[in-house]
Amino acid sequence: DEVEDKDWQTTWGDRLEKAKSMGTDDVFLAAKGGLKQSESDVPESEASKKRRALAGCRTDGFREKSGVKDARHCTAKVL
């Protein structure tokens with residue numbers, strides 16, 4: 001089964017459309033590798049959970065929501 005690749009313009013157009021539907025925080029979190037794929041039926045791995053948590057530790061707003069003010073403390077808590 002061969003997979004047909006889309007041309008780069010179509011691929012980037014699709015990414016732009018997806019980004020338009022996301023909030024600013026979600027876009028930055030996705031860029032840091034921390035956005036969960038909600039449409040996936042596959043259970044999230046421990047590595048993925050840790051990656052998302054660490055991405056949140058690098059973002060002031062997410063740290064404040066979790067009640068942790070210091071990035072080092074947040075990272076230590078995740079690891």
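Me: Why is D14 called partly exposed, rather than buried or exposed?

Reply: Buried means under 20% relative accessible area, exposed over 50%, and partly exposed in between (1.4 Å probe, protein chains only). D14 has 38% relative accessibility, so D14 counts as partly exposed. This is a predicted model, in which local features need pLDDT of at least 70, side-chain atom pairs count only at pLDDT 80 or more, and totals for chains, interfaces and linings use all residues. Residues are numbered from 1 along each chain as its sequence is written, and side-chain values use heavy atoms, with hydrogens and water left out.

Me: What makes the contact of K6 and D14 a salt bridge?

Reply: The term requires a side-chain nitrogen of Lys or Arg within 4 Å of a carboxyl oxygen of Asp or Glu. For K6 and D14 the N to O value is 2.8 Å, so the pair qualifies. K6 is exposed, at 54%.

Me: How many salt bridges does a search of the whole structure find?

Reply: Four. Among them is the one between E17 and K20, at 3.6 Å from N to O.

Me: Where do E17 and K20 lie?

Reply: Both are in helix α1 (residues 8–20), three residues apart, about one turn of the helix. Helices are DSSP runs (H or I, at least four residues), numbered from the N terminus.

Me: Why is K20 called exposed?

Reply: Its relative accessibility is 57%, which falls in the exposed range, so the word applies. E17, at 48%, counts as partly exposed.

Methods
Helices (H or I, at least four residues) and strands (E, at least two) are DSSP runs, numbered from the N terminus.
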